[in-house]
Amino acid sequence: MIKENVVLGEDVVIFHPQLVNLYGCVIGEGTRIGTFVEIQKGVSVGARCKISSHTFICEGVDIEDGVFVGHGVMFTNDIYPKAVNAEGDLQTEADWQVIRTRVKARASIGSNATILCGITIGEGALIGAGAVVTRDVPDHAIVAGIPARVVGDARARGSAAATSVA
């Protein structure tokens, strides 16, 4: 379902519009969105990005131009999530604060990575498949593991470090 309050740039491709959940977000021109993707309110996705299937991008995430997001990537926006408030009632938006996350231009996030909130993923960085990113990632760094640690430099194309996590 694509709500009326979604802003789609020119030439955005949504492969199965009936099988996505987009609301209150802005999607840049030429971006492609796969099946079973949810993008929540307040999210901005830049131009010419690829958001692969089964990905969840929650409120508070800003994705710059040319970013690749692999299948099943999960973003978070709350450091200490709880179901109920101090009185035992289900939480509402008034009970917590969104912690923002930024993904800089031309970064790539491998399938099934989890991105904790409040961090910045650097320009041209590469997040290995299945990584759990708990802290800022420098520009052009390759990170992998749980928790994700720097294992190489994405500018070193063709080196063992650049290709071992792809």
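Arg 48 turns up in the loop that links strand 7 (44–45) to strand 8 (50–51). The model is a predicted one, and in it Arg 48 has a positive phi of about 55 degrees, even though this residue is not a glycine.

Asn 112 sits in a loop, here the one between strand 14 (108–109) and strand 15 (114–115). With a relative accessibility of 53%, Asn 112 falls in the exposed class too, since exposed means over 50%.

The peptide bond running from Ile 146 to Pro 147 is cis, and its omega is near -10 degrees. For context, most peptide bonds are trans. Pro 147 belongs to the loop that joins strand 19 (141–144) and strand 20 (149–153).

Next comes Thr 35, which is placed in the loop between strand 5 (32–33) and strand 6 (38–39). At 14% relative accessibility Thr 35 counts as buried, because the limit for buried is under 20%. What does the side chain of Thr 35 make a polar contact with? The partner is the side chain of His 16, at 2.7 Å. If neighbours within four places in sequence are left aside, the contacts of Thr 35 are His 16, Leu 19, Ser 53 and His 54.

Finally, the cysteines. How many disulfides does the structure hold? The count is zero. Cys 58 is in no disulfide, and the nearest cysteine sulfur to it belongs to Cys 117, 7.6 Å away. Seen from the other end, Cys 117 is likewise in no disulfide, with the sulfur of Cys 58 as its nearest, at 7.6 Å. On the solvent side, Cys 58 counts as buried because its relative accessibility is 1%. Cys 117, at 10% relative accessibility, counts as buried as well.

Key: Residues numbered from 1 in each chain as written. Predicted model: local features only at pLDDT ≥ 70, side-chain atom pairs only at ≥ 80, totals over all residues. Heavy atoms only, no water. Helix = DSSP H or I, 4+ residues; strand = E, 2+ residues; numbered from the N terminus. Buried < 20%, exposed > 50% of the residue type's maximum accessible area, 1.4 Å probe, protein only. Polar contact = N/O pair within 3.5 Å; in protein donor to acceptor, adjacent residues only side chain to side chain. Contact = heavy atoms within 4.5 Å. Disulfide = S-S within 2.5 Å.
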